[in-house]
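This report describes the architecture of the structure shown below, chain by chain. It treats domains, dimensions, sheets and contacts in turn.

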Amino acid sequence: MNLRVANHVRDIPRSGIRDFFEVVQTMDDVISLGIGEPDFATPWHIREAAIFALEKGRTGYTSNLGLPGLRRSISDYVHKKFGLRYEPLSEILVSVGVSEAIDLALRALLNPGDEVLYHEPCYVSYAPSITLAGGVARAIETHAEDAFSLRVDALKKAVTPRTKVLMLNFPTNPTGATMTAAQWEEIAAVCVRHDLIVLTDEIYSELTFDGGTHSTIATCPGMKERTVFLHGLSKAFAMTGWRIGYACAPAPLIEAMMKIHQYAILCAPIMGQDAAIEALERGEESVATMRREYERRRNFIVGALRDMGLECLKPKGSFYVFPKIHSSGLVSKEFSLRLLQEHKVAVVPGTAFGPSGEGHVRCSFATGLDQIKIAMERMAAFVGQNQIT
Amino acid sequence: MMRVLMDAIIDLLQQNALMPRADMARLLDMELAEVESAIAKLEAEGIVLGYQAIINREKWDTEKVTAIIEVKITPERDGGFDRIAARIAKFEEVQSCYLVSGGYDLLIIVEAANLRNAAAFVAQKLSTIGAVQATATHFRLKTYKENGAFHQLDSAPERLPVSP
């Protein structure tokens, strides 16, 4: 039978990560630095609160926008952490992870042919989500020389009269890039001048290191009213499987996103929402403990990568490092495949995050130190065998 | 050395005192010599008092018993609780000795080769001390968690080997 899949879906390439996953799955004894989620289980007090809610029989639908109590917790949390105040009942929507919120925002905003800019290398879903929402995805390359931050001149060059939206994700998956408040001021001025709407994916914002504070574009002058602030509990609270994200934005946009959400999803699962309240209200200590652990592992892995002769920025956020592998004379995909096949270490080729990721691989340090140590030894052996002089 | 680095070293020692010092240095972005001298200082100043293994008694020396004993004492006019507590703590059966608030005064943890020895310690040594008014002895039946270590390990939760 001819399954007539729609052209725009058929034309979307499969995720490069998916291909790689299928190779890894067939092998034993692989140490994976390819995992984009915390190795910690959700802190016990959060799991326990969810169990308690289940015992009480809290198993039904919630309001489309999410439990009012959770929206109040989100409002307080975002105010305390980011200095932004959103009205709990009209400016916050609880989604099934940030991924759903990105899809909702794009579908709510884009008319066919509207251009969306995003910085690259970036999370794998951005370009396909834009395409699926009828937009035109246009990447702005970022570079190791700029620590993968978004340059204002690159943004200015990329803006056209058709540009409607700018998507941001700092700290960035896969590069760990961060932006300073001063850099945001410049970017924000361009967004205001060209009347751009900004989607900012803040999922790694708690995971910033060296005592540095995270800053968001949403607090820049003229930005809150044109920003969809996207966040969730997956990374900082080690809650990936609960699938809880949220969007904060001006009420008319939340209302538009809610229309799609109510017909497509109805509501995020109540178990995750109950757990999220506990996390936001009382999870700060747990987040600090995990952040400390990530920071130490980052120091370890960056030191080890540099020792084996790879150029590697020390990321100020996220749980990824994105070393350059040029010295091996191999392209990202070949490097990753051979490292996997010959030394049983999985890293993700930089090209999985866009063509500008060529020459790099992503190593996650959301894995126990024992594993990281062995992986670094194996990787050093591989790099040693593949030095071009 | 900065307080925050000392805290970090203590934290790592408490997690795993056997961690190679070179790994500690790398995790904390310090020089190996700095870590070694910091630990030497912690030991010399009596901040780190020692390092011990946590033994699973269900797998080794299963006859050994642990008693948790509540002790009510009459404080002395001059020494308060300290002198009598120090006297009790000196028995080699006593592993830990704490002054606590609440319905009794000292909480002591006693290890003995077997039940008979533990009972003998309480009856012949502890209870016969003049200042000891009363004792209540609880024998450990099973250990679930000790000094942060679980006696039954959960297997690591499964994760996809590669994810975005």
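## Domains of chain B

In this predicted model, the centres of domain 1 of chain B and domain 2 of chain B, taken over C-alpha atoms, are separated by 35 Å. The domain assignment places domain 1 of chain B at residues 3-44 and domain 2 of chain B at residues 65-146.

Chain B contains five helices and six strands. Along the sequence, these elements of chain B follow the pattern α-α-α-β-α-β-β-α-β-β-β.

Along its principal axes, the C-alpha trace of chain B extends over about 65 × 40 × 30 Å.

Buried residues amount to 17% of the 164 residues of chain B. Among the contacts in chain B with a separation of 6 or more, 54% are between residues 24 or more positions apart.

## The sheet of chain B

Chain B has an open sheet of four strands in the order β2-β3-β1-β4, with antiparallel pairing. At its edges stand β2 (94-99) and β4 (132-139) of chain B; each has a single partner strand, so one side of each is left without a neighbour in the sheet. On average, neighbouring strands of this sheet are turned by 20° against each other, direction ignored.

The antiparallel pairing of β2(B) with β3 (residues 106-112) of chain B comprises five bridges. In this region, V94(B) is placed opposite V110(B) of β3(B). Helix α4 (residues 82-89) of chain B packs on the sheet, where the helix touches β1 (65-73), β2 and β3 of chain B. The direction of α4 of chain B makes about 165° with that of β2(B).

## Domains of chain A and their contact

The domain assignment of chain A gives a domain 1 made of two segments, 7-42 and 285-385, and a domain 2 that covers 44-282. Between the C-alpha centres of domain 1 of chain A and domain 2 of chain A the distance is 25 Å. Their contact involves 34 residues from domain 1 of chain A and 32 residues from domain 2 of chain A.

On the side of domain 1 of chain A that touches domain 2 of chain A, α11 (284-307) and β9 (320-321) of chain A each contribute at least two residues. The most is given by α11(A), with seven residues. By residue class, this side of domain 1 of chain A holds 16 nonpolar, eleven polar and seven charged residues.

Chain A comprises 13 helices and twelve strands. Its radius of gyration is 21 Å, close to the 21 Å given by the globule rule for 389 residues, so chain A is as compact as a globular protein of that length. The C-alpha atoms of chain A occupy a box of roughly 60 × 55 × 55 Å along the principal axes.

Of the 389 residues in chain A, 51% are buried. Residues 24 or more positions apart supply 75% of the contacts in chain A with a separation of 6 or more.

## The sheet of chain A

Seven strands of chain A form an open sheet with mixed pairing, in the order β2-β8-β7-β6-β5-β3-β4. The edge positions belong to β2 (92-95) and β4 (136-141) of chain A; each has a single partner strand, so one side of each lacks a neighbour in the sheet. Neighbouring strands of this sheet are turned against each other by 20° on average, direction ignored.

The strands β2(A) and β8 (residues 245-248) of chain A run antiparallel and are joined by four bridges. S95(A) stands opposite G245(A), a residue of β8(A). Helix α9 (residues 251-264) of chain A packs on the sheet and touches β2, β7 (227-232) and β8 of chain A. Between the direction of α9 of chain A and that of β2(A) the angle is about 25°.

## Contact between the chains

The contact between the two chains draws eleven residues from chain B and 21 residues from chain A. On the side of chain B that touches chain A, seven residues are nonpolar, one is polar and three are charged.

Key: Residues numbered from 1 in each chain as written. Chains lettered and ligands numbered in written order. Predicted model: local features only at pLDDT ≥ 70, side-chain atom pairs only at ≥ 80, totals over all residues. Domains from an automatic or database assignment. Contact = placed C-beta atoms within 7 Å. Nonpolar A, V, L, I, M, F, W, Y, C, P; charged D, E, K, R; others polar. Pairing = 2+ DSSP bridges. Axes fitted to C-alpha atoms, helices over the stretch in contact; angles between N-to-C directions. Rg over C-alpha atoms; globule rule 2.2 N^0.38 Å. Buried ≥ 20, exposed ≤ 12 C-beta atoms within 10 Å, placed from the backbone.
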